[in-house]
Amino acid sequence: MAYASVIAGSAVIRGNVRGDTSLEILGRVEGDVGVTGDLSIGPDAVVVGTVSGARVLVGGSVEGDVTGTEAVIVADTGRVIGDLVAPRIGMSEGAHVRGAVRTEGAPSVRSVPRAISEPRSAAPVERPRPVVAAPPPPLAVAVPAGTVSKPAAAAPAGAKKAPPPPVIPAPRPGVRARKKLARR
Amino acid sequence: MAGSVVGAGLIIEGEFTSDEPVVVEGTVRGTLSTSESVSIGGDGVVEADLQALSVSVAGQLTGNVSASSRVDIQAGGRLIGDVKSSRFTIADGASFRGNVDMDV
């Protein structure tokens, strides 16, 4: 395949490379690479930075996310430390990839961290629930506040009885939640 | 060796070093240095300090140039900057503004 632009094997670029062209990198780029045409990263090439192109062929080393609007192909000599995002993704046997891989069309930056955080959030999933259980206490506080006027001695007593009920329905699902509330 | 080709539409911003020839039909900003030749095509734009063995300018070059062999501005070429090279030619129809130092 003929590429309109070539960064030779001896070339070192510290900075960004972008444009509406196809590009073959045989040297080293320390910076982001973004082209609208096809992008080839040769076997001895190194890119430290994000990489994007239409069809991205990774034969060399990339430390950064790789995005292809059409495809990303990691050759057996390829090495990627970063996420791969493209409608079509190919990985040859021997390829080295460390990162999230998503076969998707329009890449959304947000969903990547979500995918990564899912396994971690599995344990602390119950933390949000205490937050839901939080409302009752303010209510309990609000009731005594209204009784401060001392209109009757029975009123405060009733108010004191009032708080427990909201606590009782909450406990079973929120037993842990109460404990955590106490911590907070 | 084929060397590097900065094709039309490609923009490189930063520090570009190489040991092979460089052909610029696109845009290079920053610094450009190679131990071989640099050729700036008719549509090429270089806004960079340039160091090379030889430099040929048919497009636009803004920046100081140092060439150990020669610098040639082709007809239609445009160079704004100082030139430091023992051999320097300016073709008829080329434009140039800057200082020349041939005492290398």
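Entry 1. Strands here are DSSP runs of E, at least two residues, numbered from the N terminus, and two strands pair if DSSP finds at least two bridges between them. I looked up two positions: A:Val12 stands opposite B:Thr17, and A:Arg14 stands opposite B:Glu15.

Entry 2. I noted my ground rules. This is a predicted model, where local features need pLDDT of at least 70 and side-chain atom pairs count only at pLDDT 80 or more, while totals for chains, interfaces and linings use all residues. Residues are numbered from 1 along each chain as its sequence is written, and chains are lettered from A and ligands numbered from 1 in the order in which they are written.

Entry 3. How many residues of chain B are in contact with chain A? I found 22, facing 19 residues of chain A; contact means C-beta atoms, placed from the backbone, within 7 Å. Strand 2 of chain B gives the most to that side, with 9 residues.

Entry 4. Back in chain A, strand 2 also pairs in the parallel sense with strand 4 (residues 28-30), over 3 bridges. There A:Arg14 stands opposite A:Glu30.

Entry 5. I checked confidence last. Chain A averages a pLDDT (the predictor's confidence in each residue, from 0 to 100) of 75. Over residues 107-136 of chain A, pLDDT stays under 50. Where pLDDT is low, the predicted coordinates should not be read in detail.

Technical notes:
Two residues are in contact if their C-beta atoms, placed from the backbone, lie within 7 Å. Helices (H or I, at least four residues) and strands (E, at least two) are DSSP runs, numbered from the N terminus.
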